[in-house]
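This report examines selected helices and residues of the chain shown below.

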Amino acid sequence: MDTYERRCRLLARAYPLRYRQTRGEELIGTLLDLAKPEQTRPTLRDSLDVVRGGIALRLRERPPLWHWALYRLFHKRLPYAYRWWARDDLLDSRYLARQCATLLLATSPLWAFIGLMPIELVYTVISWPLIRMLGFLPQRSLRLYQLRRHGFDLEVQGDSR
């Protein structure tokens, strides 16, 4: 694989994995066809077009904030239109990190007032996110459960921690 193709594959990462698996070779082939002899990188215009297309696709497939928050915080099933986005999210290696970050962000307004709260409420504010995050540790079963809820019957490959 030459430098030009390697850079094209790097640009293609702007698209979701599912898209790259099904249409990635077409995208790379098109970029290779556009290349002039001895060209070592795609032109700025081609690069921006690929990245813009990938970001636009990701934004188009993303669920609305309300559905996303219920999905992320309470493991609610997303509407059918967003099932492929959910699959990509669940199979991504950074799924656990996103879950933990969302919980910390959701509880962060409470952390500002922790000194003014009664001690029982402080324990609740501290323990709830920690217990929820520890609950994500058996991530493989959570992922499989969520995948089945969204209509996908497949096994998560490898160790998912």
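## Burial of helix α5

In this predicted model, helix α5 is mostly covered, with seven of its nine residues buried. Those buried residues are Arg 83, Trp 85, Ala 86, Arg 87, Asp 88, Asp 89 and Leu 90. The list thus includes charged side chains, among them Arg 83, Arg 87, Asp 88 and Asp 89.

Asp 89 belongs to helix α5, which spans residues 83-91. The relative accessible area of Asp 89 is 5%; because the cut-off for a buried residue is under 20%, Asp 89 counts as buried.

Which residues does Asp 89 touch, once residues up to four places away in sequence are not counted? They are Tyr 71, Arg 72, Tyr 95 and Arg 98. With Arg 98, the side chain of Asp 89 also forms a polar contact of 2.7 Å.

## Packing of α1 against α2

Helix α1 (residues 3-12) and helix α2 (residues 17-34) have axes that come within 10 Å and cross at roughly 135 degrees. An angle over 145 degrees would count as roughly antiparallel, and 65 to 115 as roughly perpendicular; α1 and α2 are therefore oblique to each other. Their crossing is right-handed.

On the α1 side, the contact is made by Tyr 4, Glu 5, Cys 8, Arg 9 and Ala 12. These meet Arg 20, Glu 25, Leu 27, Ile 28, Leu 31 and Leu 32 of α2. By class, the contact of α1 with α2 comprises seven nonpolar and four charged residues, with no polar ones.

## Packing of α2 against α3

The axes of α2 and α3 lie 12 Å apart, and the two helices pack at an angle of about 160 degrees. Since angles over 145 degrees count as roughly antiparallel, α2 and α3 are described as roughly antiparallel to each other. The crossing of α2 with α3 is right-handed.

From α2, the contact draws on Arg 18, Tyr 19, Arg 20, Leu 27, Leu 31 and Leu 34. The α3 residues involved are Asp 46, Val 50, Leu 57, Arg 58 and Glu 61. Six residues of this contact between α2 and α3 are nonpolar and five are charged, while no polar residue takes part. Arg 20, Leu 27 and Leu 31 of α2 are named both in the contact with α1 and in the contact with α3.

## Pro 42 in the loop between α2 and α3

Pro 42 lies in the loop that connects α2 to α3, the latter covering residues 44-61. Is Pro 42 buried or exposed? Its relative accessible area is 8%, so Pro 42 is buried.

Not counting residues up to four places away in sequence, Pro 42 touches Tyr 4, Arg 7, Cys 8, Leu 11 and Ser 47. Among these, Tyr 4 and Cys 8 also belong to the α1 residues that meet α2. The C-alpha atoms of Pro 42 and Leu 31 are separated by 7.4 Å, although the two residues are eleven positions apart along the chain.

## The chain as a whole

The secondary structure consists of eight helices and zero strands. In sequence order, the pattern is α-α-α-α-α-α-α-α.

Of the 161 residues in the chain, 36% are buried. Among contacts between residues at least 6 apart in sequence, 60% join residues at least 24 apart.

Technical notes:
Residues are numbered from 1 along each chain as its sequence is written. This is a predicted model: local features need pLDDT of at least 70, side-chain atom pairs count only at pLDDT 80 or more; totals for chains, interfaces and linings use all residues. Side-chain values use heavy atoms; hydrogens and water are left out. Helices (H or I, at least four residues) and strands (E, at least two) are DSSP runs, numbered from the N terminus. Buried means under 20% relative accessible area, exposed over 50%, partly exposed in between (1.4 Å probe, protein chains only). A polar contact is a pair of N or O atoms within 3.5 Å; within protein, one must be able to donate a hydrogen and the other to accept it, and residues adjacent in sequence count only if both atoms are side-chain atoms. Contact means heavy atoms within 4.5 Å. Axes are lines fitted to C-alpha atoms, for helices over the stretch in contact, and angles run from 0 to 180 degrees between N-to-C directions. Angles under 35 degrees count as roughly parallel, over 145 as roughly antiparallel, 65 to 115 as roughly perpendicular and the rest as oblique. A crossing is left-handed if the near helix is turned anticlockwise from the far one by less than a right angle, and right-handed if clockwise.
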